[in-house]
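This report describes a protein model, shown below.

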Amino acid sequence: METSTGAVPRRWSPTRRRRELATALVLLLVLAQGASTGIAAAPKLASPVPRSAPGSSPVSAAAASASPSASPVPSGTPAPSASVGPSAVPSPLPWPSASVAPSPTPTPRPQPLPRCTYADVITRDRDPDDWAITFLDTVYRLPTMYGPRDLVRTGVAGGGSVRRLVAGDLRAMARAATAAGAPIQIVSAYRSYAAQISDFAYWVRVSGLAAALLGSARPGHSEHQLGTTIDVTSLGGGLPWHMWDWGTTPAGRWMRQNSWRYGFVMSYPAKGSPAKTCYRYEPWHFRYVGREMAAAVRASGLTLREYLWRERSR
Ligand SMILES: [Zn+2]
């Protein structure tokens with residue numbers, strides 16, 4: 001754009017100069033209006049509309065908006081002309097399509113396994129019907145009032161209660177263990193939120209907070225509150241956590257090798273505990289997930305926590 005400074009053409013008449021000044025003034029007004037309404041004066045300054053698909057992660061949304069070239073979506077409104085100068089003519093066309101890069105299709109990425117920190121996030125799949133897939137660890141927990149309404153006596157040595165849907169396979173497993181010469185008994189089955197308060201407090205008193213956190217779930221975080229989880233020991237034997245490794249006893253070995261056939265998964269196996277499971281190795285602790293899922297977990301080679309997290313991230 002010509003400016004009013006510098007040499008003025010000698011042959012300019014006052015009329016022509018006034019016309020030039022008027023044109024410059026109009027241009028300045030147009031530019032000022034464009035700036036005040038958020039319309040940029042040049043295409044390269046235009047802010048693309050970030051694509052925000054439902055469910056897209058905040059990270060990808062932020063990345064898209066941070067990079068103007070990532071996914072500009074042309075708006076339907078024709079933009080003001082890009083050219084600047086006295087000969088500017090409003091363009092009837094929208095933004096030139098040639099300069100618009102195709103929007104990358106967001107691909108869902110499985111979320112990495114959360115770190116084993118301590119928090120109290122109410123878990124997503126918390127309906128009692130979600131018993132097999134309810135994700136629990138040191139971060140995710142059940143609501144305080146969560147309690148199954150279909151508890152029945154286990155019918156197995158040691159007693160306790162489990163949900164009705166567990167009882168049949170539990171009894172079958174106990175019979176099979178006995179038949180194999182490795183009989184088991186229940187040490188603990190369903191525990192309410194209130195019971196877990198006492199249980200965790202006991203372990204804090206006995207072993208200190210750090211050890212308790214590794215070996216006992218804080219209230220709301222225990223799989224025992226689901227009504228599908230049992231701690232077992234050898235029939236007539238002592239408490240398994242008082243032994244060096246109950247998993248090496250006949251009953252412990254039989255359970256490790258066969259519990260999955262009856263729908264039970266060792267939640268905290270030696271391999272992966274506590275790094276992946278957030279708790280120390282507990283060869284006596286088994287959660288019922290049904291025969292089909294137990295077989296799938298075993299085939300996956302993952303701990304139950306890794307498996308459930310992978311499935312919910314899909
Ligand atoms: Zn347990």
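## Model and confidence

This is a predicted model, in which local features need pLDDT of at least 70 and side-chain atom pairs count only at pLDDT 80 or more, while totals for chains, interfaces and linings use all residues. Residues are numbered from 1 along each chain as its sequence is written.

The protein has a mean pLDDT (the predictor's confidence in each residue, from 0 to 100) of 78, with 66% of its residues at 70 or more. In residues 1–15 the pLDDT is below 50, and this stretch has four contacts beyond near neighbours in sequence; two residues are in contact if their C-beta atoms, placed from the backbone, lie within 7 Å. Residues 25–98 also have pLDDT under 50, and the model gives them 61 contacts beyond four places in sequence.

## Overall make-up

There are eight helices and eight strands, taken as DSSP runs (helices H or I, at least four residues; strands E, at least two) and numbered from the N terminus. Of the 314 residues, 28% are buried, that is, with 20 or more other C-beta atoms, placed from the backbone, within 10 Å of their own. Among contacts with a separation of 6 or more, 59% join residues 24 or more positions apart.

## The largest nonpolar core

A nonpolar core is a set of buried Ala, Val, Leu, Ile, Met, Phe, Trp, Tyr and Cys residues joined through C-beta atoms within 7 Å. The largest one has 39 residues, and Val 232, Phe 264, Val 265 and Phe 286 have the most contacts inside it. Elements giving two or more residues to this core include strand 7 (264–266), helix 7 (291–300) and helix 8 (304–313). Helix 3 provides the largest share, five residues.

Beyond four places in sequence, Val 232 touches Ile 184, Gln 185, Ile 186, Val 187, Met 255, Trp 284 and Phe 286.

## Helix 6

Helix 6 (residues 250–258) has Ala 251, Gly 252, Trp 254 and Met 255 as its buried residues. They line one face of the helix, because they fall within an arc of 165° when seen down its axis; the arc is that of the directions from the helix axis to the C-beta atoms. These buried residues pack against helix 3, strand 5 (184–188), strand 6 (229–234) and strand 8 (285–288).

## Val 166

Val 166 belongs to helix 3 (residues 164–179). Val 166 is buried because 30 other C-beta atoms lie within 10 Å. Apart from neighbours within four places in sequence, its contacts are Thr 228 and Tyr 288.

How values were computed
Buried ≥ 20, exposed ≤ 12 C-beta atoms within 10 Å, placed from the backbone.
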